[in-house]
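Grab a pencil and have a look at the model below. We'll work through a few exercises together, one step at a time.

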Amino acid sequence: MKIHDKLLASLTDMVCSLPVITANRRKVTPFAEGVVLEPGMGSGLNLAHYDKDAVKAVIGVDPQEDLLKMARRRAAQAAVPVEFLARSAEELPLESGSIDTVLLTYTGCSIPDVARALDEFRRVLKPSGRLLFCEHGRSHEPRVARFQDMANSLWRPLAGGCHLNRDIASLLQGAGFRMERCERFYAMARPKFISYHYVGSARPG
Ligand SMILES: C[S@@+](CC[C@H](N)C(=O)[O-])C[C@H]1O[C@@H](n2cnc3c(N)ncnc32)[C@H](O)[C@@H]1O
């Protein structure tokens, strides 16, 4: 199991470092400000893209120790202070209304109880706070969405619990977030089932 975890962590770091992913995360990460909560921080790939003049501190949450080890190494080089919570994001030991920005990149697909986690993000955000998101998910094209539904149960165990077919905008709205901006697009021409993106920002009500 240990070897599997390490392999999955290296693979996650490799895929999340791809130029197309980096280009998309750069559409949101530089806009984070104040105290930032980063659920599913993974290997810490957003750390290089924060605006050090706008960010006071980053709290990285992730249950995967092998990924957190990589994130700790990146945090040592980062221009912003970073704290870590080695746990799942569905229940956070943080005060209500204590966070300025929640930064969610390529993590809404993986959190098992995403509705519960989104409730937590809304609880911990200040009323003036903002959730920035850059996620892949359910396509607007029925044919692609049907394929995503079909392939999901095969894909999920191979890809560390990643769901192909989550409608990120609907999930955010269902959790009471008010959408400010939501771009939807295919980040690559092929394969469509994995490259449909939701990028934007939402307010906690
Ligand atoms: C594809 S990786 C993305 C990592 C990082 N956000 C990025 O943009 O590079 C998905 C991350 O979600 C994390 N994750 C899975 N379940 C989680 C949960 N319940 N709470 C918090 N993070 C979780 C995984 O451990 C992994 O680090």
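**Exercise 1: Strand β4 and its partners**

Task: find out in which sense β1 and β4 pair, and over how many bridges.

Step 1. Strand β1 (residues 34-39) pairs with β4 in the parallel sense, and two bridges link them. Strands here are DSSP E runs of at least two residues, helices are H or I runs of at least four, and both are numbered from the N terminus. Two strands count as paired if DSSP finds at least two bridges between them.

Step 2. Pick out a facing pair: Leu-37 stands opposite Val-102 in β4.

Step 3. Now turn to β5 (residues 125-136), which runs parallel to β4 and is joined to it by six bridges. Here Val-102 stands opposite Leu-131.

Before going on, a word on the source. This is a predicted model, where local features need pLDDT of at least 70 and side-chain atom pairs count only at pLDDT 80 or more, while totals for chains, interfaces and linings use all residues. Residues are numbered from 1 along each chain as its sequence is written.

**Exercise 2: The whole sheet**

Task: what is the strand order in the sheet?

Step 1. Read across the open sheet of seven strands: β3-β2-β1-β4-β5-β7-β6, with mixed pairing.

Step 2. Check the edges: β3 (82-85) and β6 (178-186) each pair on one side only.

Step 3. Count up the chain's secondary structure: seven helices and seven strands.

**Exercise 3: Around the ligand**

Task: which residues come nearest to the ligand?

Step 1. A residue is near a molecule if its C-beta atom, placed from the backbone, lies within 6 Å of it.

Step 2. Of the 24 residues around the ligand, Gly-40, Gly-42, Ser-88, Ala-89 and Thr-105 come nearest.

**Exercise 4: Overall size**

Task: what does the C-alpha trace span along its principal axes?

Step 1. The trace spans about 45 × 40 × 30 Å.
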